[in-house]
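The following report concerns a single protein chain. It treats selected residues, helix packing, overall content and confidence in turn.

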Amino acid sequence: MEDPNQEKKSRFDLQPHYIEWGLTALGVIVACVLVVFVLFRMTIIWGMIKKFFGILSPFIYGFVMAYLLMPVFNMLYRNLQPPMSRKFKNGTRLAKGLCSALTLAFGLAVVGVLLWMVLPQLATSITSLVDSMDLYMNEISGWVASLLHNNPEIEHSFMRLYDQFSAQVMNWAQNDLLPQLGNMMSGVVTTVNVLMNLLIGVIIALYILNSKDTFCAQAKKMTYSFFTVEKANAIMARVAHIHRVFGGFITGKLMDSSIIGVLCFIGMRLMISFGWMTMPTSYALLIAVIIGVTNIIPFFGPFIGAIPSTILIMVISPVQALYFVIFVLLLQQFDGNILGPKILGNATGLSSFWVMFAILLFGGVMGFAGMVIGVPLFAVLYSVLTEKINHLLKKRGLSVDTNDYRGHKRIDPETHAFVEAQETMPPVSAKERRRAAQQKDQENKNQ
């Protein structure tokens, strides 16, 4: 007796693509519904994302602190762990705890000293600059008038525009800049939420430094449980590469920018001592902070810091601004050719074009943070894409050397060897048509 389900089973076996079509259609419909939902609820979703990251902000602060302080912790652990493990039974655990506490104390001390030294001076410099703005504007007005005294019409037009500009600058500085500065300073110091997040972040950073080996072992264990051994090994190699690129670039750039800021401060103090600059000493610290902070940004950082600093000095004296520009150019040449290569080396492996591309792209998306981390992040993406391209080329038996693809060469489909490209397009210009006709006549004569 025949099975009544035999016919249905046979149809199912003979037409399996119906199920694939149905699943594909269902997946497309679900994806469209999700896209429409996201588009119509973008404000709500973005608010939920911001709230989620706001909740996780202490962990983000702690991870960033621990990552930046990791070199200090490793140096202390290498020096303290061997003798403590020989003297105490639990010497390794004690060494980790002691190194974590010392590292965190070092980081807090550095930040505290910098804030104690810089913030009062910055506030004093900005307040002094705003108070003296009227005097500096009058000096510039007199200097321009002396230059244009032989052209009264140009002088009159320029002075009218200059008076309007100076009035707007004074109004902005007195009514907007100082109140915003005071609100910003008081808000940063007195906001309980920010202080609580930073305090919790410090505690989390202490836990991360003390237990980083355990966290790494747990992450490695989880990776090997979810993926094959080959895939897990590839993931471990990729994570090590990311750590090497980010760690080397960020820590090196922070050290490089700190040195440049200190050298800028010393250089400006020397120029003030020699009488080349007549600005108050507090301005030197303000300008050195601007140069040091903006120097963290690759490629554009020196220009971003030099432009407002030059304008600041130009308000006092255009000649002193010229001295400052020459000094900054010399300082940046020293940084780009001597100091930077010594500290950073070739940490990213990117050309200048891709560095500029990464800064503009991630800076436009993420602001100042994107300009700082954009280069190492793009370097990681660039290396991943390069490895993927080389892998595909090797599977096809093709060369992975970029130099082999230069010039007018093509790959022979049979031998996979590079051969000179044969022109197959019809001639366009009159010269090309004459040359083609001559070649054709020569071929006919040879035949």
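Gly-252 is buried, because its relative accessible area is 7%, under the 20% limit for that class. The residue is found in helix H9. In space, Gly-252 and Gly-340 are 8.5 Å apart, C-alpha to C-alpha, although 88 residues separate them in sequence. These values, like those that follow, come from a predicted model.

**Confidence and overall content**

The mean pLDDT of the chain is 78, and 75% of the residues reach 70 or more. Helix H9, at residues 229-273, has the highest confidence, with a mean of 87. The lowest confidence falls in helix H1, at residues 6-14, where the mean is 50.

The chain contains 15 helices and 2 strands. It has 447 residues, of which 28% count as buried. Considering contacts between residues at least 6 apart in sequence, 60% join residues at least 24 apart.

**Annotated spans**

The unreviewed UniProt entry assigns the annotation "transmembrane region" to residues 21-49, 55-77, 98-119, 184-209, 283-304, 311-332 and 352-385. In the model, residues 21-49 are 97% helix and 0% strand, and the end C-alpha atoms of this span lie 35 Å apart. For residues 283-304, the distance between the end C-alpha atoms is 18 Å, with 73% helix and 0% strand.

**Helix packing**

Two helix pairs, both involving H4, are described here. Helix H3 (residues 42-55) packs against helix H4 (residues 57-87) at an angle of about 55 degrees, and their axes are 4 Å apart. H3 is therefore oblique to H4. On the H3 side, the contact is made by Phe-53, Gly-54 and Ile-55, while H4 contributes Ser-57, Pro-58 and Ile-60. By class, 4 nonpolar and 2 polar residues take part in the contact of H3 with H4, and no charged residues do.

The axes of H4 and H9 cross at roughly 80 degrees and come within 11 Å. H4 is therefore roughly perpendicular to H9. From H4, Tyr-67, Leu-68 and Pro-71 meet His-243, Phe-246, Gly-247, Ile-250, Thr-251 and Leu-254 of H9. The contact of H4 with H9 has 6 nonpolar residues, 3 polar residues and no charged residues.

**Further residues**

Which residues does Asn-197 touch, when those up to four places away in sequence are not counted? They are Ser-57, Pro-58 and Tyr-61. Of these, Ser-57 and Pro-58 also belong to the contact that H4 makes with H3. Asn-197 itself is found in helix H8, which covers residues 192-226. Its relative accessibility is 13%, so Asn-197 counts as buried.

Ile-45 has its place in helix H3. Apart from neighbours within four places in sequence, Ile-45 is in contact with Phe-37 and Val-38.

| Residue | Relative accessibility | Class |
|---|---|---|
| Gly-252 | 7% | buried |
| Asn-197 | 13% | buried |

Key. Residues numbered from 1 in each chain as written. Predicted model: local features only at pLDDT ≥ 70, side-chain atom pairs only at ≥ 80, totals over all residues. Heavy atoms only, no water. pLDDT = per-residue confidence, 0-100. UniProt positions renumbered as here; feature names shortened; annotations may be inferred. Axes fitted to C-alpha atoms, helices over the stretch in contact; angles between N-to-C directions. Parallel < 35°, antiparallel > 145°, perpendicular 65-115°, else oblique. Contact = heavy atoms within 4.5 Å. Nonpolar A, V, L, I, M, F, W, Y, C, P; charged D, E, K, R; others polar. Buried < 20%, exposed > 50% of the residue type's maximum accessible area, 1.4 Å probe, protein only.
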